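Here's a quick briefing for anyone opening this structure for the first time. Take a look at it, then read on.

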Number of protein chains: 2
Amino acid sequence: MKRDSRLSGVLHVLLHMAEADAPLTSENLARAMQTNPVVIRRILAGLRDAGFVRSEKGHGGGWTIARDLAAITMRDIYDAIGRPNLMAMGNRTEAPGCLVEQAVNAALDESFRDAEALLLDRFERVTLAELAADFHARMAARGIHAEEHVHG
Amino acid sequence: MKRDSRLSGVLHVLLHMAEADAPLTSENLARAMQTNPVVIRRILAGLRDAGFVRSEKGHGGGWTIARDLAAITMRDIYDAIGRPNLMAMGNRTEAPGCLVEQAVNAALDESFRDAEALLLDRFERVTLAELAADFHARMAARGIHAEEHVHG
DNA sequence: GTTTCACGTACTATTTAAAGTTACATGAAA
DNA sequence: TTTCATGTAACTTTAAATAGTACGTGAAAC
């Protein structure tokens, strides 16, 4: 089963935006993420509607962070991209008539529910400011200057 | 993201086999699972190699459980079907050169690792005997006799 | 004001993983 | 020796996600 990398991708993009002091275009970001500008716009559209980023058209336009990084958690971003499934497994049938299947589903559901709750709780506890700090720490550990972190 | 239902499906099949007092053919099981006999054989092949079920050819042949249900956990079955991904999300890139991405991945990985560990621990604690008992309880609650549980 | 730039989005195409199917070989029981 | 059932390789279909194209809207530069 292929894994969804949208959350990872969006967080990546947001941190790059946070580092930049001017708006970044979809094309800039697409290059950094090795994808298509339209894909970037699509995914950032949800974040814009949720108020986490702003977009401007025309010359000098592009994407900027709309809030303090310390006020955005990974959970916020997860919600803003539409709360995609966290668990790779599901039940064969929802609302099964077969009692055997009901018993199986009940056991699996309980475990998955708990694992999801754990994950969401973790997401809630991590702010983008903390991710940015971790990034800066990694840069410092490598003796790299801030201007050099950009892709490509 | 579509969810993998193999674990749910295999557990379902195994409990049906456990209820039956004669071998069940791939065709029987396929009808119960609303799928194709070859799909059943494919998925049970792994369980046979792991020693959880037996298969017999020819007249009166089919599939039977090879061990006491109390000695098989959901974790065993999970392992036997090849330990498919539990988490629906992954990192955009393995071994990223980008430090921003490293920081993001580190945060996500930690959470996912913990959630996986929780799930596997839960799987380990549930035996097929317990699932079967739950199934029987559901039957009793509905006033259904054992012979009537069969699909189709 | 018109050209350039950048987002907005509907629509289409590609990719990819899972599932289903066919075909035929093997082996056991009737 | 016929029938039944699994074993498995090869191929086809399907469904979802992702990528890409085309064109519209609006803002800044010239």
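Predicted model: local features only at pLDDT ≥ 70, side-chain atom pairs only at ≥ 80, totals over all residues.

Residues are numbered from 1 along each chain as its sequence is written, chains are lettered from A and ligands numbered from 1 in the order in which they are written, and side-chain values use heavy atoms, with hydrogens and water left out.

**Around DNA strand C**

- DNA strand C has 25 residues around it, where near means having a heavy atom within 4 Å of the strand.
- The closest of them are A:Met1, A:Ser26, A:Arg48, B:Thr35 and B:Arg42.
- At least two residues each come from α3 (37–49), β1 (53–56) and β2 (62–65) of chain A, and from α3 (37–49) of chain B; helices (H or I, at least four residues) and strands (E, at least two) are DSSP runs, numbered from the N terminus.
- α3(A) gives the largest share, 4 residues.

**Atom by atom at the DNA**

- A:Gly58 has a backbone N or O atom 3.4 Å from a sugar or linking oxygen of DNA strand C.
- The side chain of A:Trp63 has an N or O atom 3.2 Å from a phosphate oxygen of DNA strand C.

**Where chain A meets chain B**

- 56 residues of chain A touch 55 residues of chain B, with contact meaning heavy atoms within 4.5 Å.
- About 5200 Å² is buried between the chains, and carbon and sulfur atoms give 66% of that (buried area is the accessible area, with a 1.4 Å probe, that two parts lose on being put together, summed over both).
- On chain A's side, A:Arg3, A:Met89 and A:Arg92 lose the most area to chain B, together 15% of what that side buries.

**Salt bridges between the chains**

- There are 2 salt bridges between chain A and chain B, each a side-chain nitrogen of Lys or Arg within 4 Å of a carboxyl oxygen of Asp or Glu.
- A:Asp114 and B:Arg122 pair up in a salt bridge at 2.7 Å, N to O.

How values were computed: Polar contact = N/O pair within 3.5 Å; in protein donor to acceptor, adjacent residues only side chain to side chain.
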